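Good morning. I will go through one structure, beginning with a sheet and ending with the DNA. Please have a look at it before I go on.

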There are 2 protein chains.
Amino acid sequence: MLKKIREKRDQLNKSERKVADTILLNPSVVTQLSIAALAKSAGVSEPTVNRFCRSFLSKGFPDFKIQLAKSLVSGSLFVTRSVEQNDSAEQYTDKIFTSTIATLDAARKQVDVQAIATVVDHLVQAKQIAFFGLGASGSVARDAQHKFFRFNLPVVAYDDVLMQRMVAAASHTGDVIVIISYTGRTKDLVEIAQLANSTGATVIGITLENSPLAKVCPVVLSVPHVENTDIYMPMISRLTQLTLLDVLATGLTLKRGEGFHQHLDKIKQSLQSTRYAIEEK
Amino acid sequence: MLKKIREKRDQLNKSERKVADTILLNPSVVTQLSIAALAKSAGVSEPTVNRFCRSFLSKGFPDFKIQLAKSLVSGSLFVTRSVEQNDSAEQYTDKIFTSTIATLDAARKQVDVQAIATVVDHLVQAKQIAFFGLGASGSVARDAQHKFFRFNLPVVAYDDVLMQRMVAAASHTGDVIVIISYTGRTKDLVEIAQLANSTGATVIGITLENSPLAKVCPVVLSVPHVENTDIYMPMISRLTQLTLLDVLATGLTLKRGEGFHQHLDKIKQSLQSTRYAIEEK
DNA sequence: AATAATGTGGTAATATAACTACCAAATATG
DNA sequence: CATATTTGGTAGTTATATTACCACATTATT
């Protein structure tokens, strides 16, 4: 909303621009103002404010106020500002969390649900699953292995190119190979994907849309592009990948049905003895 | 807001309860109604609605509407519902993302900024850093290694108990050992923490507040308790840990100052040749 | 340069919505 | 059973928003 106002600001005429500026200056208080009060503080007449509101696809001033109020909430939750050199611990902590949340929210809105369903179907039928990733995505692959191993499936994860190449070459129909790469521009992985394709294995890419890797994977779960924070090291992109894998694991659990929960419980219980009991309060 | 209304519902008198029910039935449309329209559809008079609004600490009906609208936004973003057996791909995808976001948001509000600052200070001074984790937290530890290695520091990560025990025993003052465990109830890790403590190393725990592990770590970054989804496998808890590590890495980057960016750039460029160039559109 | 035409902004009237004061009915309570 | 007290509504008042209309300014055109 505020963004819309900012964009349209320059196309407005003098008086309406005054209104826009007044709102942008302090959007949250405008929320509690009457049309007369806003008109006065912007130095214009009431109808001008009304006209302004209408030009922002609202029914009138009260309607506009409600839309504004709404946008302020979601706005304040998700306004990502990039970290700056002199930020205090509090500031950068908040910024990192906020932009992480914003990215996940963006991902949520963009996920191709159809693709999720397709991937889950492939995974359900898989005789064997391999997760490939390099660098930061290597730990994502390992994490996936941990999760999917609980499904009683042969699952492997590799984070070095040679092993990946060998496994890809040796794969056959019924095997599923999931290749994780944020940028999708790592040459080796693209080659490995092509290699695996030719053996009849199902190749699934978790990567940036339209990337070279995405283009050679028959099935792609696309990860939205991340703005700010990943400049110096992969941070947020990873979390999206992990969350997507969580979604896949959940989908798989559901497909397996009720009885399968017992199996998961068993695994969980097997860890009991390594732990301290939960204390009663 | 809706929660408040639900709570107060039983204390209201007949007519006001009608109003409450009408609002709860369809909160989002109420947002666009006038006081008269709402009164009519609830089958009461306008002043009743007004009285109702006042009893919810608002100045009047319009004010109430704005508050309601606001609460609907933040509400709809963060209402986590647990995954159910018959959920469609769309449903469980959304649920996983939503509860992940909600958890991160909760974490954001609960992080002990002071602890973050303290940990960063320790990391800055560290001669050597070791990340320990088992199972799912093992991949978190590896991920941390990837990230912190870029700081030109000797960083190691171990996900097996024996190595961890040996490293802990061999550590000395100036070494920092970060132990990652969601539950904080793994016996081995608690023992390892104690062992490392006795050698003079700085032991930092990333774990649940008040857990056995937290109690033996001089410095603790606490991860808030996760409700729903982690029943069968660690999913969301992990993401909080990772985000906290991102925050630490960011803090460290800032402490290192401007000149350090060049170093990070160099690392990034070293990966260039393994990649396909970014295509022009 | 003068005039028409369009755009811009305001005044005043009108309609609408919200609120207040007051009253009536219903339900308690002694 | 009578009297309080709570509850809900009517009608009037005030505030608020909207519309219709007009005036001024700016610009284009002859």
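In chain B, five strands form an open sheet in the order S2-S1-S3-S4-S5, with parallel pairing. Two strands count as paired if DSSP finds at least two bridges between them. Helices (H or I, at least four residues) and strands (E, at least two) are DSSP runs, numbered from the N terminus. At the edges are strand S2 (155-158) and strand S5 (219-223) of chain B, each pairing on one side only. From one strand to the next, the twist averages 15°.

A word on the source. This is a predicted model, in which local features need pLDDT of at least 70 and side-chain atom pairs count only at pLDDT 80 or more, while totals for chains, interfaces and linings use all residues. Residues are numbered from 1 along each chain as its sequence is written, and chains are lettered from A and ligands numbered from 1 in the order in which they are written.

Back to the sheet. Strand S4 (residues 202-208) of chain B runs parallel to S5(B), joined by five bridges. Within that pair, Ile206(B) stands opposite Leu221(B). Helix H13 (residues 236-256) of chain B packs on the sheet and touches S3, S4 and S5 of chain B. The direction of H13(B) makes about 135° with that of S5(B); axes are lines fitted to C-alpha atoms, for helices over the stretch in contact, and angles run from 0 to 180 degrees between N-to-C directions.

Now the two chains together. How many residues of chain A are in contact with chain B? There are 62, and they meet 62 residues of chain B. Contact means that the C-beta atoms, placed from the backbone, lie within 7 Å. H7(A) gives the most to this side of chain A, with 13 residues.

Last, the DNA. Near means that a residue's C-beta atom, placed from the backbone, lies within 6 Å of the strand. Around DNA strand C there are 17 residues, and among the nearest are Lys14(A) and Ser34(B).

Note on methods: Contact = placed C-beta atoms within 7 Å.
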